[in-house]
Amino acid sequence: MPLWNDSSNATENEQVRQSFRSLFLLKQAIPETPRYREFAEQVENRSFAEYGQHIYPEEEVNPHAVGYHDIVIAYAETLNRTLKDGLNVFDAKEIARNMKNKTYTGGVWPLNLDSNGDLIGSFELWSFNYTTADYYKVIDFPQSERFIRSVGEIDWVLGHAPPNTPKCGFRHESHAAECVTNHGSVYGYAAGGTVVAIILMGLVFSLTLYAYGH
């Protein structure tokens, strides 16, 4: 995975690697099935035949291509069902209602729409590997389950997962000594700055009156 250009020096390369350790990728899951491979090959062939663009083996066919394909199928099936029920196919609200809580036969995987008409999809979380400078999958979010599946270890910057709650709380509500001291210092500096500002304003006002009086 190229993270920098050839003109970057060792320091810049190290900075880029370190910054990417805090960046995660949330991706739509790609099924490893013969059906998807066949669909991907068709996309690759048409990409080269019609646009002259290659999709190399280390690259992925954009999963949005599957989405565009499947949503057309879902829309066509909804239109057929609407006509069969004797409803108005020009009523967009009726079409939208008919698409909710349905499962459609997609080109690669079933297309499940919930009560809001949102797609119930499968997703993956990818983490950055500092050593290889590449991303790898660490968590699966399968649509068929209510729980996530851990499939790899995350390369945390500090060597461990961050706490659920910041040390001093989200609003500095912690009464720990270090938090109270730091929090008090902030307010102390703010109060001190306000007093200095008031004094300066008073001096400017006094000098202005003195100037007008003379």
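A salt bridge is taken here as a side-chain nitrogen of Lys or Arg within 4 Å of a carboxyl oxygen of Asp or Glu, and the legends below apply this to a predicted model.

**Figure 1. The salt bridge between Asp 155 and Arg 21 in the predicted model.** The closest N and O atoms of Asp 155 and Arg 21 are 3.0 Å apart, so the pair falls within the 4 Å cut-off. Asp 155 counts as partly exposed, at 22% relative accessibility, whereas Arg 21 is buried, with a relative accessible area of 13%. A search of the whole structure finds eight salt bridges.

**Figure 2. The salt bridge between Glu 124 and Lys 137, and the network around the pair.** The side chains of Glu 124 and Lys 137 meet with an N to O distance of 3.5 Å. Because Glu 124 lies in strand β4 and Lys 137 in strand β5 (residues 134–141), the pair ties together parts that are 13 residues apart in sequence. Glu 124 is buried, with a relative accessible area of 8%, while Lys 137 is partly exposed at 28%. Through salt bridges that share partners, Glu 124, Lys 137, Asp 140 and Arg 149 are joined into one network. Strand β4 (residues 123–129), which holds Glu 124, has the highest mean pLDDT among the elements of the chain, at 89.

**Figure 3. The salt bridge between Arg 37 and Glu 44.** The closest N and O atoms of Arg 37 and Glu 44 are 2.8 Å apart. Arg 37 counts as partly exposed, with a relative accessibility of 39%, and Glu 44 is likewise partly exposed, with a relative accessible area of 21%.

**Figure 4. The largest nonpolar core and a second, separate core.** Seven residues make up the largest nonpolar core, namely Tyr 36, Phe 39, Ala 40, Val 61, Val 66, Val 108 and Trp 109. Helix α2 contributes the largest share of this core, three residues. In soluble globular proteins, nonpolar side chains tend to be buried together. Over the chain as a whole, 21% of the 214 residues count as buried.

**Figure 5. Ser 47 and its contacts.** Ser 47 is found in helix α2 (residues 34–51). With a relative accessible area of 12%, Ser 47 is buried, because a residue under 20% is counted in that class. When residues up to four places away in sequence are not counted, Ser 47 touches Gly 52, Gln 53 and Ile 55.

**Figure 6. Helix α5 in the setting of the whole chain.** The secondary structure comes to five helices and six strands, and from the N terminus on the elements run α-β-α-α-α-β-β-β-β-β-α. Helix α5 (residues 177–213) has the lowest mean pLDDT among these elements, at 54, whereas the chain averages a pLDDT of 76, with 78% of the residues scoring at least 70. Where pLDDT is low, the predicted coordinates should not be read in detail. Among contacts between residues at least 6 apart in sequence, 43% join residues at least 24 apart. The accessible surface of the chain comes to about 16,000 Å², of which 59% belongs to carbon and sulfur atoms.

Notes:
Residues numbered from 1 in each chain as written. Predicted model: local features only at pLDDT ≥ 70, side-chain atom pairs only at ≥ 80, totals over all residues. Heavy atoms only, no water. pLDDT = per-residue confidence, 0-100. Helix = DSSP H or I, 4+ residues; strand = E, 2+ residues; numbered from the N terminus. Buried < 20%, exposed > 50% of the residue type's maximum accessible area, 1.4 Å probe, protein only. Contact = heavy atoms within 4.5 Å. Areas by Shrake-Rupley, 256 points an atom, 1.4 Å probe, with all protein chains shown as cover. Core = buried A, V, L, I, M, F, W, Y, C linked by side-chain atoms within 4.5 Å.
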